[in-house]
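Let's walk through a structure together, one question at a time. Have a look at it first.

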Amino acid sequence: MTQHIYLVGFMGSGKSTIGKALSKELGRVCLDLDEMIEERAGMTIPEIFDLQGEPGFREIETRLLLEILDLPPAVVAVGGGAFIQDYNRSLILEKGFAVWLNIPVDLAWERSRRADNRPLGRNRESFESLFFEREALYRMSHLIVDIEGKSPETICDEILEKLS
Ligand code: S3P
């Protein structure tokens, strides 16, 4: 496979962790889009949301998604909202291979609530609405992997098996 492999899914689904493991197995670089956004902006994600709002954040996210198309095939862990924007989703589905790490909402909340770096993960009610609004869009991914009760190694093996 010569395209990027994009890991998509809700906050807390383990995109960064699986991204690192999968990239090692495939001998590829792992690109963490949220980290790249913070580097580009010279600010943390909550600071970007505070200063530029979500639209400012999304603008940098899309710009970077376009820029990385020129890089050699990598594993790309994208933030939970990247695949939700129509333009980004078409780009990822046309140019790459999308893997949805499907996590149940309760587990996503348990994992995300403790982190203070997720501006959209601070309130349970809005977190849950966002989750259910997004589900059908994540489902458009090329590959769906249910992650509940599985170790990162098992998830990684499952993806590798489906890719081969
Ligand atoms: C977001 C998820 C975050 C980050 C930003 C917005 C979202 O990434 O991109 O806070 O819209 O779901 P993670 O999914 O890695 O937490």
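Here are some questions and answers about the ligand and a few residues.

This is a predicted model, where local features need pLDDT of at least 70, side-chain atom pairs count only at pLDDT 80 or more, and totals for chains, interfaces and linings use all residues. Residues are numbered from 1 along each chain as its sequence is written, and side-chain values use heavy atoms, with hydrogens and water left out.

Q: Which residues come nearest to the ligand?
A: A residue is near a molecule if one of its heavy atoms lies within 4 Å of it. There are 13 residues around the ligand, and those that come nearest are Lys15, Asp34, Arg58, Arg118 and Arg134.

Q: How many residues of the shell around the ligand are charged?
A: Asp, Glu, Lys and Arg count as charged, while Ala, Val, Leu, Ile, Met, Phe, Trp, Tyr, Cys and Pro are nonpolar and the others, Gly among them, polar. The shell has 5 nonpolar and 3 polar residues, and the number of charged ones is 5.

Q: Which helix gives the most residues to the shell around the ligand?
A: Helices are DSSP runs (H or I, at least four residues), numbered from the N terminus, and strands are runs of E with at least two. The one that gives the most, with 3 residues, spans residues 45-67 and is helix H3.

Q: How far is an N or O atom in the side chain of Lys15 from an oxygen atom of the ligand?
A: A polar contact is a pair of N or O atoms within 3.5 Å; within protein, one must be able to donate a hydrogen and the other to accept it, and residues adjacent in sequence count only if both atoms are side-chain atoms. Asp34 has a polar side-chain atom 2.7 Å from a ligand oxygen. For the side chain of Lys15, the distance is 2.7 Å.

Q: Is Ser23 buried or exposed?
A: Ser23 lies in helix H1, residues 15-26. Buried means under 20% relative accessible area, exposed over 50%, and partly exposed in between (1.4 Å probe, protein chains only). Ser23 has 6% relative accessibility, so the word for Ser23 is buried.

Q: Which residue's backbone nitrogen lies 3.0 Å from a polar atom of the side chain of Asn123?
A: Asn123 is in the loop between helix H5 (105-112) and helix H6 (124-138). At 40% relative accessibility, Asn123 counts as partly exposed. The backbone nitrogen 3.0 Å from its side chain belongs to Glu125.
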